[in-house]
Each structure stands twice: as C-alpha cells, then as structure tokens.
Amino acid sequence: LTYPCDKLTNVTPSILSKTTCRLYLQPYHPISILRNHIESHFDKFHYFNSFSPVVTTVQNFDELGFPADHPGRSTSDSYYINNSIMLRTHTSAHQRQAFQTGTEKFLISADVYRRDEIDTCHYPVFHQMEGAQIFSINKAVEEITYDMQKTASQQNHFINTYDKTAISSTNPVQPCHPVEAVNATISHLKYSLNELVRKLFIDEQNLQVRWVDAYFPFTSPSWEMEIFYQEKWLEVCGCGVINQDILNNAGQPDKIGWAFGLGLERIAMVLFNIPDIRLFWSKDPRFINQFTSNEIIKFKPFSKYPSCIKDLSFWMNNDKEHEFHITNFCEIVRDIAEDLVEDVKLIDDFKHPKTKKRSLCFRINYRSMD
C-alpha cells in the first residue's frame, strides 16, 4: 500500500524496511524464543501475532484516551506516515480490535516504533507483548478467586519483590468500578506478572523486581514493573486496570479487567545476557547461530572492536518553526551510520555571551557489534 505524505511525514526508508522483518516470529531468534515462553505461561489465552504495524492516529491515541497535548503525539516521539496514519508506538493500539473478537483473555505480540535517543538499551524499533484479561464486573471477586486457586504456583523459586504501591488520588480507582472488584483485579494482575517473572527467571540468582506507581491514559490505577540489571533499574512492563471507556467501546460494558505491555527486548537482554539492543538486528551468523528454538542460551560476545569516539559541535539557528530536538539529530545519525553507533550523548551546551548564539556538542561513540 502507498499513502500520501504531508507536513507530518517523518518516517524514513530505513525504518520502513524494518516493518517486514518480524523478528518475533523467527523461530531461532531470542525475541521469538521469549515470546513462546510467555505464551506457554499464558497457555489458555488467545494469541494475536499478525496485526499490521500501520495504524491510524485514532487507534494509537484517541481510542486509548491520550489527551490532545500528550507528548507521545509529537513528531519528535512518533513516526508519522501522514497526519492520520502512523507506525504504532505500542501494542495497545490493537486492544479494541482484540476485545471486539469476544475473547476474554489475549496476548498481542508486535514490533513497535518510537523515535528515541541512541544508547545500548534504546532502538527505534522494538517489540512488545500486550496481555489482557477481563471478568464480569458483578462477579469479579468470585471469578478471580477461582482462577487464582486453579493456577496457584507450584514453584519454589524465590525472587526479591519490592512493592510499596498504594491507591491514591494520583493513581486512583475509576469511579465506575466497585472497590472490591478493583482490589481483586489488582491482585490477579500482580499475581499473574509475578508468576511470569518467576518462571522466566527461574535460573537467575538474586533477581530483584520492584513495582512503582505510574500513569497511562488507558489504565487506572497503573504501575510499572522493573528489573535490576547492570546496576540500574530497567522498566520491563507497564500495566493497570483497563479504562472502562475502552471496554465499553469494544462492546464489553459489563466487564472489568487488567492489561499489561511487556518490553520483550528488555527481558531478553537479561535472560540471554545480550549487552546491546542493536544485536537483535544483527544478521551475522555468529549471533544468529548461537540460539536454538525454545531454549534460553547465554550470548557469547564475538566482536573485539574497541569504541571510536567522535565529537561533533554545531551552532543552532533561532527558527522557532523548526525547533531542535535530540531525537531529530539521532535520526540523522542512524540514517548515516546505521547500527555502527552505540550511543550519542550531549556533552556541552554553550551560549556565546555576546552574540547569544547557542552551540551544542555531541559525543558519538562508534562500536561495531559484528
């Protein structure tokens, strides 16, 4: 399909070339292996793995309750084909489609696209898995109690879990929801995700997981789940109680439920010990041939190349219409250097005392992963 371009068009040929790769469906790829592991945990769920990455702005934002001034709508954050068509920024863009099929629990796996800065943990294309389960709003406590008893874990593996979250005015229950049903739904959500992490990281020693309060336009209350990796906390999952308007518009007005969105790369980097997100896109056989279908195998580095640092500085113009944003600069770097760049950091921001002109200096770290 071809689409007309307009002033919002900012998707590049290199990004469009990724839309047909579907790493999450390649049997021997770590992203696909992880997807299979998660699907095996949620084995009674329906799986949607073939939604198109091209969506409308209505699907990506409006149906999910994003306000008109939300920063995620910015062209510095999202890839637009034109003012009404874009590349999805999250799997939640397909939530309504999935609920309209009538299924009460599902997983959606897909590639998603966001303009981002360049470092070892960020890439403009990554993979998410959306999960959701709904219950009768009038029988939620009974249904959830039965479901949790039926699926009670038999595992003895312990993980360090920190959870000091609480319902508050900044992370509230939706007024239309009975408190008992909400509490049961929250318990089921956190139980389901804790059990998933327990299963995925059964061989990891001293794994630390924490829950923190969060905000998403399409859930309330909302949380993020983080994993401690390489001396820092990495967000791997956002979740919460589904905004009732979404269920109402999908023909499920008498339901209440939860939804989550997992970042597959973040989890795979920990499980497979992959140090740089660029490696997932490598076509080098020394990377691809290390992995076997349905097995978690630790990655063994093969590149011996050191980093190569180049500093680049330039004067800024004062054009308000074309205001500078770091993701625009990173997009240029990616177009030219592709995956040779490991990270880009702003190291100096100078304003001339007389002319008032502003200069930025960026440090570009080149390091081949192959």
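Visitor: What volume does the largest cavity have?

Guide: This is a predicted model. A cavity is a space where a probe fits but cannot get out. Here the largest cavity has a volume of about 60 Å³. The count of cavities of 30 Å³ or more comes to one.

Visitor: Which residues line the largest cavity?

Guide: The lining includes I118, D119, H122 and Y123. R278, R334, E338, D339, V341 and E342 line the largest cavity too. By class, six of the lining residues are charged, three nonpolar and one polar.

Visitor: How much space lies in the largest pocket?

Guide: A pocket, unlike a cavity, is an open set of points. The largest pocket holds about 920 Å³. Its lining has 41 residues. Nearest its centre lie T89, R114, F126, Q128 and E235.

Visitor: Which elements give two or more residues to that lining?

Guide: The strands are β5 (125-136), β7 (208-216), β8 (219-229), β9 (232-242) and β10 (255-263). The helix α8 (264-271) is on the list as well. The lining divides into 17 nonpolar, 15 polar and nine charged residues.

Visitor: What volume does the second largest pocket have?

Guide: Its volume is about 640 Å³. The lining has 28 residues, and K18, Y123, W281, S282 and D339 are the closest to the centre. Helices α1 (13-16), α9 (285-288) and α10 (326-337) each give two or more residues. The classes here are 15 nonpolar, six polar and seven charged.

Visitor: Now the rings. How many aromatic pairs are there?

Guide: The count is 22 aromatic pairs. Take F48 and F51: their ring centres are 5.5 Å apart. Their planes meet at 20°, so this pair is stacked. Planes under 30 degrees apart count as stacked. Both F48 and F51 are buried.

Visitor: Why is the pair of F299 and F302 edge-to-face?

Guide: Look at the angle. Planes over 60 degrees apart count as edge-to-face. The planes of F299 and F302 stand at 75°, with centres 5.9 Å apart, so the pair is edge-to-face. F299 counts as buried because its relative accessibility is 6%. F302 is buried too, at 14%.

Visitor: Where does the charged end of K190 sit?

Guide: It sits over the ring of W223, 4.7 Å from the ring centre. K190 also lies over the face of W211, at 5.3 Å from that ring's centre.

Conventions:
Residues are numbered from 1 along each chain as its sequence is written. This is a predicted model: local features need pLDDT of at least 70, side-chain atom pairs count only at pLDDT 80 or more; totals for chains, interfaces and linings use all residues. Side-chain values use heavy atoms; hydrogens and water are left out. On a 1 Å grid over the protein atoms alone, a cavity is a set of points where a 1.4 Å probe fits but cannot get out, and a pocket is an open set with protein on both sides within 12 Å along at least five of seven lines; lining residues have an atom within 4 Å of a point. Grid points are joined across faces, edges and corners, and a volume is the space filled by probe spheres set on the points. Ala, Val, Leu, Ile, Met, Phe, Trp, Tyr, Cys and Pro count as nonpolar, Asp, Glu, Lys and Arg as charged, and the others, Gly among them, as polar. Helices (H or I, at least four residues) and strands (E, at least two) are DSSP runs, numbered from the N terminus. Rings of Phe, Tyr and Trp (its six-membered ring) pair if their centres lie within 6.5 Å; planes under 30 degrees apart count as stacked, over 60 as edge-to-face and the rest as tilted. Buried means under 20% relative accessible area, exposed over 50%, partly exposed in between (1.4 Å probe, protein chains only). A charge sits over a ring if NZ of Lys or CZ of Arg is within 6 Å of the ring centre and within 35 degrees of the ring normal.
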